Amino acid sequence: MGFVSPPLRLTENQYRAIVAHCYDGLPDEACGGLAGPAVDDEPLGVVTEARPCRNEDKSARTYRFDSRDFMASLRAAEARGEALVGCWHSHTHTDAFPSPTDVAQAEAYPTWFYVLVSLRDGEPVLRAYRIRDGTVAECQVVLDR
Amino acid sequence: MYTRCVPVEVRLPTLLRPHAGGAASVTADGASVGDVFTDLATRYPGLSDQLVDESGSIHKFVNVYRNDDDVRYLDQLDTKVTDGDVISILPAVAGG
C-alpha cells in the first residue's frame, strides 16, 4: 500500500476496555475512538485514550459514531494536543476483517487505524488494519503493560 | 423578520478540501446553515453535492456542527448562525 505502518500499541487496560465495550454492546455492534499523538496527520501508533462512542445505528449489522460523542472525543484529543488516530468496532457474527462497507467508509479518514473485534466465536479476536485507497493492510498490534 | 447575513467560517474535512481549492477552512455568508451552504455552493460548486442530498437534506454520511453542536439536534439546515460561529463538517465514522 506504499507505506509501512507502525504497530498499533494498546495497553492491556485499553485492550480489555475495548473488548468489554464490544460485549456490552451486544446484540448490536459497538464502536469507539482511539486518540493519540500524530505527526503531520500520521498516527505514531500510540493510543492515549480508547473512548467508547454510542452506536447511533443501534444495529447488529452497521455502526455509526454518535455525532455528539464523536465531537466530544475529537475535542478531548485536541485539548491534549493529540488527534483521533483510529476507531474500533465489533463484528458480532463475522470475522475481524473490514467489510466492504468498512473499506468504503474508511475513505473519510485514510490516516486512521481501524480495529475490528470479532465476537463470533467463544474468544474475542482483535485485529488492526490500515485502509487506504480501497486497500486493506493488516498491521501488528502490540500490547503494553 | 429581518435577518442579517453574516460571514461564518466553515471548516472542511480533508476529504472535501479538493472541492474548495485545497482550503481547510473557507468563509461564506448566511443567516442559517442552509444559507451558508447555498453561498458555498456558488463559490465552490463541487462542494454542494457533498453536503446536501437530492432531497435538500444534509447528506447522510456528513455531520454538520454549529460550533460543537450537531445541527440535527438543533434546526437542521434552518439552524441560525451569528457572527463568530464556526460550522464544522465531519464525515461520519461508520461502517458495517
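1. A quick definition to start: helices (H or I, at least four residues) and strands (E, at least two) are DSSP runs, numbered from the N terminus. Bear in mind that this is a predicted model, where local features need pLDDT of at least 70 and side-chain atom pairs count only at pLDDT 80 or more, while totals for chains, interfaces and linings use all residues. As for bookkeeping, residues are numbered from 1 along each chain as its sequence is written, chains are lettered from A and ligands numbered from 1 in the order in which they are written, and side-chain values use heavy atoms, with hydrogens and water left out.

2. On a 1 Å grid over the protein atoms alone, a pocket is an open set of points with protein on both sides within 12 Å along at least five of seven lines, a cavity is a set where a 1.4 Å probe fits but cannot get out, and lining residues have an atom within 4 Å of a point. Points are joined across faces, edges and corners, and a volume is the space filled by probe spheres set on them.

3. The largest pocket has a volume of about 670 Å³. Its lining has 27 residues, and those nearest the centre are Leu74(A), Tyr109(A), Thr14(B), Arg17(B) and Leu90(B). At least two lining residues each come from α2 (67-79) and β7 of chain A and from β5 (86-91) of chain B. By class, the lining has 18 nonpolar, three polar and six charged residues; here Ala, Val, Leu, Ile, Met, Phe, Trp, Tyr, Cys and Pro count as nonpolar, Asp, Glu, Lys and Arg as charged, and the others, Gly among them, as polar.

4. Next comes the second largest pocket, at about 290 Å³. Of its 15 lining residues, Leu15(B), Gln50(B), Phe61(B), Val62(B) and Pro91(B) lie nearest the centre. Both α3 (100-105) of chain A and β5 of chain B supply at least two residues of this lining, which divides into ten nonpolar, four polar and one charged.

5. There is one cavity of 30 Å³ or more. The largest cavity has a volume of about 40 Å³. Chain B contributes Ala92(B), Val93(B) and Ala94(B) to its lining, and among the chain A residues there are Tyr63(A), Asp102(A) and Trp112(A). That lining has eight nonpolar, one polar and one charged residues.

6. Look at the backbone too. The peptide bond from Leu26(A) to Pro27(A) is cis, with omega near 10°, and Pro27(A) sits in the loop between α1 (12-24) and β2 (31-36) of chain A. In chain B, Asn67(B) has phi near 55°, a positive value in a residue other than glycine, and lies in the loop between β3 (62-66) and β4 (69-70). Gln76(B), with phi near 50°, lies in the loop between β4 and β5 of chain B.

7. How covered are these two? Asn67(B) is partly exposed at 31% relative accessible area, and Gln76(B) is partly exposed at 40%. Buried means under 20%, exposed over 50%, and partly exposed in between (1.4 Å probe, protein chains only).

8. Finally, strand β7 (residues 83-91) of chain A includes Ala83(A), which is partly exposed with a relative accessible area of 26%. Ala83(A) and Phe70(A) are 13 residues apart in sequence and 12 Å apart in space, C-alpha to C-alpha.
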